Amino acid sequence: MLKYLKGIFEVNPELKPDFVFCTGDIAFGEVRSDPLSEQYVKAKEFFDKILTICGKESVMPKERLFLVPGNHDIDRSNVNADAQAMYKKFSCDSENNCSKINSRFNEKSIEFKDAIRRLDQYGEFIKEYLPHQYDAEGRYFYAQNITVHGITVGIAGFNSAWTCAGEEDDRNLWLAAEWQFNSAASVISNADIRVGLIHHPMDWFNTAERNIVSRRISTDFDYWLHGHTHNSWVAPGSTHIVVGAGAVGAEMSEEFGINLTTVNFDECTGVTRLHAKKSSASGWMISPVPSHAPTGEWCYSLPTRIAEIFYQKGEAMTREMDLDNSSRDGLISRYFSRKLEDSLRSFSSHSNSWVDRILSTASETEKNSDLAEKINFSELIKNPKSALIKAPPQYGLTCLSHKIVLEAWNSPLRSLFLYLDARNLQPHKSSIEQATSDELQMLGRTRSEINCVILDSFDSDEKNMVKMLKNVSIIFSGIPLVVMMKMSSGSFNLTSIDIEDRKFEEYYLWTIGRSVIRNIVAAYNEVRKIGDEDTVTARITSDLSVLNLHRTPINCITLLKVSEAEFDESPVNRCDVIRRVLFLLFNVDTLPSYKSKPDLKDCEYVLGSFCEGLLRSGNHLFARDKFLSDAQAFCKDKLIDLETSSVFDILYQNNIIIKIGHFFRFKSSYWIFYFSAQRMYHDEEFANFILSDMRYSLYPEVVEFYTGIDRRRNNALEILINDLSKIHQQVQNQCGLPFDVNPYRYSLWNSSEATREKMEKEIAEGVKESNLPVAIKDQYADKLYDKSKPYQQEIKNVLGAHNFSNMQSVMSAGARALRNSDYASTDVKKRLLKEIMNCWHQTTRVLFVILPLLAKEGYAAYDGAAFALGDGFGTEPNERLLRILVSIPYNVSCWVQDDLYSRKMGPLLLDQLFGGEIGEIEKHELVLILISYRPKNWDKAIQRYISECGKSSFYLMDTYQALRTQYRIGYFSDAASLSTVEHLIKLAAAKHVTGQKLPNEKSLKNLKGDFIPDRIV
């Protein structure tokens, strides 16, 4: 390495550094044959040679060399095992023990002095060799300022090794972070550039320390250098740059690495040049990183704080910064633009652009949603107001958030919309205040300038989220608050939030139309030609329908990515889509020549093990070093030859893994579920873990992908059948509502008051005979008397005991598994579908139970399940009750169809319609799904259903209305399909008018009236 460095400096003397930083592990640990004292003698010789090579006119002075201790610098013979066990125990309750640790560190208590003894040899080495950074206080921490070329550089060396002991250190280390950061800030806070050195990456600390480190790095340092995991990596950000170092001595070639960083203050840019020693190469060489540093040079903009300092000094040029004749405003605009670009980014070969989206006051699944008010997000910028903007995951709420923030700032009013990510906040006020302070400090703005707050990634299902929202509302009282709210597709989540002293307008983010899909295709074709625009648009639209994927930009782009390889072949399920995307990503030509292309199967196998760990721990954040160390350990155990750093690079550059603060996570949870499913396929123990105790109900996508691997996972289907049978029977037995309750038998096409009374009596009598609590029975006996509070309490207890919410989750998992099981046993598929429809049966009856409360209050919530009325149900309770009742089958079909349906499911659903033993209501709900999706031969099935319905029955009326809705707003690929729906509308109308079992053509021609609605395209 020394010879390699000398050669670099001879060719490029301008690369000789002003400082040398080493982030720990100067020694390799206390061993009898080579004691630490002798290792440090060798270290002195090594650093003397480094200083000689790096010196510009003469040897670089030792005062420019800075070290910190690492875990290999400790003397394990000086570790008190009992005290060490106590430190680990303290880590289990780190929030409550954090102040105690900082106090001991500050006071140099007996406990601290006992712990620091493990670094005695390191301390002697520093005292003798580098006295400028020796800590006479015995903490082995330092902070100082050095002026070089007229620039003040603040350098702080952190001691992260004082509680190190062994393998148990991971996520258990104590740093005394509050003390060390405060001490550093007291010395270097006014430096022009601030550099922090530490051995351990952030994820090695316990929770409390990790939170402090994450927060303070962003505000206190411009460069943060670390070691330990021996993986060279650069993570540029708007507030600071993180640089991870490799090793100059290691066991594996992947662990070697050094870097040379240069900073250009005039242009406010930095470059970190990566170098490595690879086993496949002759020696040390540049170390390219695909996308980020293809030539080994990782270029980035300096943090905003540095740019502002040097602009104020008059030393910065305005290149790229003066976007709007104001350098500070331009910097903020650039920062917001980068945030939007990061949120839009998908695959490395394709740069996404913003596409306009529709916001509506109604969900697009509601009847007559086309008549609801539509708004553009620009109206929220012109007239900020508190609002809930709701959409399922991956609809684009985060992109919309950053777009609003950017456009608000770039507007003539220069409106400041503060962006907060709910995933990064704790529910207490101090966390929210700190996040706000950090963002405002970075922007150079004050709280009084905030025009609106956007809270992204809000999920009412997650613990403490509502509490956190209430605190955000209190802190920003008087300021409009826009909440981007994730809704689980097909779930029963509460969609209305009641916050004191704040009223939210409610909007829904809609999917995109065919014209927008066409624009996405056109833009994609410009970068990578897939095919004729009309043909590709039709194909993508069709595949979205067949796979039952929402029409969102990311889904369109994903399918376009899949089409790069084989446009003529369609994927068969979501698992197939992901597999094809991965095949393309892991077979690109952007990897350096010395890096072998990872085998996709090997990658899935290794990533499956890593994601198993994420699922079991429940923590989906991880450091790059953690990813690499876990993956390398698994490869070593399984004797797999895989360059894990290449795997990470590919995932990161294609936005499958994204950076969150100092950590990383999979951008979409379905990647975790996909790789976990692969793990289930290869590991029976993990498969049993997921499939037992209904654990899969927490993440139905895992079962979906598991069954989609080979489409014949009969073992999983049998478990689902048994679980569904048990859980819906529990709901039935404990609730006690008679199985055959059916108010629709009395409902007529034109219901009279007497008919309505019969329908209400049917439900009320069933409730009276049931095992439901008295509070619910009383609600039916006296609907107009206000018993909403005791009713809600009783409902929570009853349905919590009945496992209603669990039944919905298990049903979702079962439906997704069935959808993917083309090659499973026919008998198994039929039995699973029957159990799924039994859950529909129980869901419908639960809605009968809460019907009076919905009619009276407009909402009903209990035990994680909630229902709220949309517009159009009227205001008078009796009117509402009837309208809710007749809409229940339609709503149930909407809730379940996304999980169940794909085009390949058509034959099974049609077989069940007339061949299975199902109740009237479930049969009708299945009919509504068939009308919505229209698989092959659907029209013949609906025609037969119409012939079996009574002329004035509710079922005929609702079928007629569903057909009209599809005719009005449904998508049809050809005129013949539209004509088929028109014929069925007339058939249903004629059946009602004539009473004929199946009206003939003459009856249809004689039909008078406006039965066919206008098309809305």
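Me: In which sense do β10 and strand β11 pair, and over how many bridges?
Reply: In this predicted model, β10 and β11 (residues 284–286) pair in the antiparallel sense over 3 bridges. Within that pairing, Lys-277 stands opposite Trp-284 in β11.

Me: How many bridges join strand β9 to β10?
Reply: Strand β9 (residues 258–264) is joined to β10 by 7 bridges, and the two run antiparallel. Thr-262 stands opposite Val-271 in β10.

Me: What do β9 and β10 form, and how many residues lie between them?
Reply: The two strands form a hairpin with 4 residues between them. In the turn, Cys-268 has a positive phi of about 55°.

Me: Over how many bridges do β10 and strand β12 pair?
Reply: Strand β12 (residues 297–301) and β10 pair over 5 bridges, in the antiparallel sense. Here Gly-270 stands opposite Tyr-300 in β12.

Me: How many residues of β10 are buried?
Reply: Strand β10 (residues 269–277) is mostly covered, with 7 of its 9 residues buried.

Me: Changing topic: which residues make the nonpolar surface patch?
Reply: Leu-371, Ile-969 and Ile-1016 make that patch, which covers about 270 Å².

Me: Where does Ile-969 lie?
Reply: Ile-969 lies in helix α35, which spans residues 954–969.

Me: Why does Ile-969 count as partly exposed?
Reply: Ile-969 is classed that way because its relative accessible area is 33%, and partly exposed means between the 20% limit for buried and the 50% limit for exposed.

Conventions: Residues are numbered from 1 along each chain as its sequence is written. This is a predicted model: local features need pLDDT of at least 70, side-chain atom pairs count only at pLDDT 80 or more; totals for chains, interfaces and linings use all residues. Side-chain values use heavy atoms; hydrogens and water are left out. Buried means under 20% relative accessible area, exposed over 50%, partly exposed in between (1.4 Å probe, protein chains only). Two strands pair if DSSP finds at least two bridges between them. Patches are made of residues with over 30% relative accessible area and no salt bridge: like charges are joined within 9 Å, nonpolar side chains (Val, Leu, Ile, Met, Phe, Trp, Tyr) within 5 Å. Accessible areas come from the Shrake-Rupley method with a 1.4 Å probe; for residues, only the protein chains shown count as cover. A salt bridge is a side-chain nitrogen of Lys or Arg within 4 Å of a carboxyl oxygen of Asp or Glu.
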